[in-house]
Amino acid sequence: MNPSIDRLYLFLLLIPLITIHEFAHAMVATLMGDRTPKEEGRLTFNPLVHMDLFGTLIIPAINIFLLPGGFGFFAWGRPVPTNPSLLKNPRLQSILIALAGPLANIITAFFILLIAKVVIPQDHKLSELFATFVLASIFLAVFHLLPVMPFDGWTIVKNIFRIPDQWEHQMGIFWFIAILIFLNLPPVYHFLEFSAYHLFMLLNLLSGSPLHR
């Protein structure tokens, strides 16, 4: 595939993957009794509602088009608003809501692998496109499980260890800049790449898909 087309494909497919991710947060929160996501219009598959200017468009575009080999999967949507006071068990249910996004991306990857098993012959030219879609979905899930603010992994850690909200506000933009640097360190990226690739191979094995990467 032409490298420019490949990068464009990766950039565009991040949009539905982020939409699925954020919708899952909204759906699970709603099912657990928090009406906030529905009231804020987040219980939808409309990508415009879930997109973040910087996280969905600008930063992924810079990484994918201007910094080849950069962290193209460094992407996120607008956080789904929730109100823990509406939950019966705020700590546990907040963790489940946070897990919903990455899990939705992994389920999406597995579903695409099952489709590929039915419609794509071995070594067909479409297999690379499907494999990129699957790997991007898995990579996005692994990325969001990093225990760093403001991603889902951080929400999980924060609720497990009862870290106060004030701590987040005190760190502010300096913490975010530090995260940008941290995520682009080769050891961190290689760890994410290693984890995503092996999860891809596991799902591929379980689905019996002909895809490979």
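Me: Helices are DSSP runs of H or I with at least four residues, and strands are DSSP runs of E with at least two, both numbered from the N terminus. Where is the place of isoleucine 18?

Reply: Isoleucine 18 is in helix H1. The model is predicted, so local features need pLDDT of at least 70 and side-chain atom pairs count only at pLDDT 80 or more, whereas totals for chains, interfaces and linings use all residues. Residues are numbered from 1 along each chain as its sequence is written, and side-chain values use heavy atoms, with hydrogens and water left out.

Me: Why is isoleucine 18 called buried?

Reply: Buried means under 20% relative accessible area, exposed means over 50%, and partly exposed lies in between, for a 1.4 Å probe and protein chains only. Isoleucine 18 has a relative accessible area of 2%, and is therefore buried. Contact requires heavy atoms within 4.5 Å. Not counting residues up to four places away in sequence, isoleucine 18 touches Thr56, Ala75, Trp76, Gly77 and Leu140.

Me: Why is serine 94 buried and not exposed?

Reply: The relative accessible area of serine 94 is 14%, so this residue counts as buried. Serine 94 lies in helix H5. Beyond four places in sequence, serine 94 touches Leu87, Asn89, Thr155 and Asn159.

Me: What makes arginine 162 exposed?

Reply: Arginine 162 has a relative accessible area of 59%, and is therefore classed as exposed. Arginine 162 is placed in the loop between H7 and H8. Its phi is near 55°, a positive value in a residue other than glycine.

Me: Why is the pair of phenylalanine 143 and phenylalanine 151 called tilted?

Reply: Rings of Phe, Tyr and Trp (its six-membered ring) pair if their centres lie within 6.5 Å; planes under 30 degrees apart count as stacked, over 60 as edge-to-face, and the rest as tilted. The centres of phenylalanine 143 and phenylalanine 151 are 4.7 Å apart, so the rings pair, and the 55° between their planes therefore makes the pair tilted. Phenylalanine 143 is buried, at 0% relative accessible area, and phenylalanine 151 is buried at 3%. Ring pairs link Phe74, Trp76, Phe143 and Phe151 into a cluster.

Me: Which residues touch the most other members of the largest nonpolar core?

Reply: A nonpolar core is a set of buried Ala, Val, Leu, Ile, Met, Phe, Trp, Tyr and Cys residues joined through side-chain atoms within 4.5 Å. The largest has 38 residues, of which Phe74, Val134, Ile138, Phe151, Leu183, Phe200 and Leu211 touch the most other members. H6 gives the most to this core, with 9 residues. Isoleucine 138 touches Ala109, Ala196, Leu199, Phe200 and Leu203, leaving aside residues up to four places away in sequence.

Me: What is the volume of the largest pocket?

Reply: On a 1 Å grid over the protein atoms alone, a pocket is an open set of points where a 1.4 Å probe fits, with protein on both sides within 12 Å along at least five of seven lines; lining residues have an atom within 4 Å of a point. Grid points are joined across faces, edges and corners, and a volume is the space filled by probe spheres set on the points. The largest pocket has a volume of about 1100 Å³. Of its 37 lining residues, Pro79, Pro150, Thr155, Lys158 and Glu168 are the closest to the centre. H8 supplies the largest share of the lining, 6 residues.
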